[in-house]
Amino acid sequence: MNLTGGLALISALLLFSPPQVLLSADMTLPEGTRVYLQLNTPLSTRTSSEGDTFTAVVTEPVSIGEKIVIPKGSDVTGSVSRIQRPGRFKGKAVMTLQFQSISIPGRGQLPIVASLIGVDREGNRGVNDEGTIVGEGSEGRDAGRVIVPGLAGAGIGTLAGGGKGAGIGAGVGVSIGLASVFTSRGKDIEIRRGATLDISLDKPLVIPPETR
């Protein structure tokens, strides 16, 4: 093949090659990198079930040096891996979220391993060291439910005869209070649509080159 034919062949290959051109090499976000999300799907220990899926969107870009590798608006998918409703008299609601993938424009959908660090950074509360959301306990409220009816019963007993009558009345009041406690539950976990989620990578995330 002469020089002219070789140049023609190279030109044809360039002309008909796929439009995807590598712009950079692989980059890696280290373990512990924080990613901030906004929840698209409301979640609740009252209405959600284990295995339910949810989506969220990245609210702040993530960079390596001066290069943005996860732009704002990237989509994250996950699922509910554990649900526990609050018990009667004792027990707190529990919810654990699992994050499965992130879709980055121009880089495709990538699997991720991450844990929840916080929900709604302003007033962040209820997420333990294992990334599980723990609801509000009912013990304090339950004590109030028992004590107040008990005092009321004591008052009734005093009016009925004082002394021994007061003790009987207090016992009746406590019984009423305990019945109220055992027929009620603690507070369910409710995460509204639009809530902010703070997650941390548990394993490094390898981000492939951007294509166009």
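**View 1. The largest nonpolar core and the residues at its centre of contacts.** The largest nonpolar core has 36 residues, and I70 and F99 are those with the most contacts inside it; strand β8 gives the most to this core, with five residues. A nonpolar core here is a set of buried Ala, Val, Leu, Ile, Met, Phe, Trp, Tyr and Cys residues joined through side-chain atoms within 4.5 Å, and buried means under 20% relative accessible area, exposed over 50%, and partly exposed in between, with a 1.4 Å probe and protein chains only. In soluble globular proteins, nonpolar side chains tend to be buried together. Leaving aside its neighbours within four places in sequence, I70 is in contact (heavy atoms within 4.5 Å) with several residues, including L29, V58, V62, I102, I104, L205 and I207. The contacts of I70 also include E60 and P61.

*Note on the model.* This is a predicted model, in which local features need pLDDT of at least 70 and side-chain atom pairs count only at pLDDT 80 or more, while totals for chains, interfaces and linings use all residues. Residues are numbered from 1 along each chain as its sequence is written, and side-chain values use heavy atoms, with hydrogens and water left out.

**View 2. The aromatic pair of F54 and F99.** A search of the whole structure finds one aromatic pair, formed by F54 and F99 in an edge-to-face arrangement, with 5.7 Å from centre to centre and 85° between the planes. Rings of Phe, Tyr and Trp (its six-membered ring) pair if their centres lie within 6.5 Å, and planes under 30 degrees apart count as stacked, over 60 as edge-to-face and the rest as tilted. Because F54 lies in strand β4 (residues 53–58) and F99 in strand β8, the pair ties together parts that are 45 residues apart in sequence. Both F54 and F99 are buried.

View 3. Strands, like helices, are DSSP runs numbered from the N terminus, with at least two residues (E) for a strand and at least four (H or I) for a helix, and two strands pair if DSSP finds at least two bridges between them. Strand β4 is joined by five bridges to strand β7 (residues 75–84), the two running antiparallel, and V57 has D75 in β7 as its bridge partner. Nine bridges then join β7 to β8, again in an antiparallel manner, with V76 standing opposite I102 in β8. Strand β8 is in turn joined to β9 by four bridges, and these strands also run antiparallel; here the bridge partner of I102 is L110 in β9. Three residues lie between β8 and β9, which form a hairpin, and G106 in the turn has a positive phi of about 80°.

View 4. Side chains of opposite charge can pair when their charged atoms come close. A salt bridge is counted when a side-chain nitrogen of Lys or Arg is within 4 Å of a carboxyl oxygen of Asp or Glu, and the structure holds six of them. In the salt bridge of D198 with R34, the closest N and O atoms are 2.5 Å apart. D198 lies in strand β13 (residues 196–201) and R34 in strand β2 (residues 34–39), so the pair ties together parts that are 164 residues apart in sequence. D198 counts as buried because its relative accessibility is 5%, whereas R34, at 39%, counts as partly exposed.

**View 5. The salt bridge between R107 and E210.** The side chains of R107 and E210 meet in a salt bridge, at 3.9 Å from N to O. R107 lies in the loop between β8 (94–104) and β9 (108–111) and E210 in the segment after β14 (205–207), so this pair ties together parts that are 103 residues apart in sequence. At 8% relative accessibility R107 counts as buried, while E210 is partly exposed, with a relative accessible area of 25%.

View 6. R192 forms a salt bridge with D120, and the closest N and O atoms are 3.4 Å apart. This pair links distant parts of the chain, 72 residues apart, with R192 in the loop between β12 (190–191) and β13 and D120 in the loop between β10 (114–119) and β11 (132–134). Both ends count as partly exposed, R192 at 49% relative accessibility and D120 at 23%.
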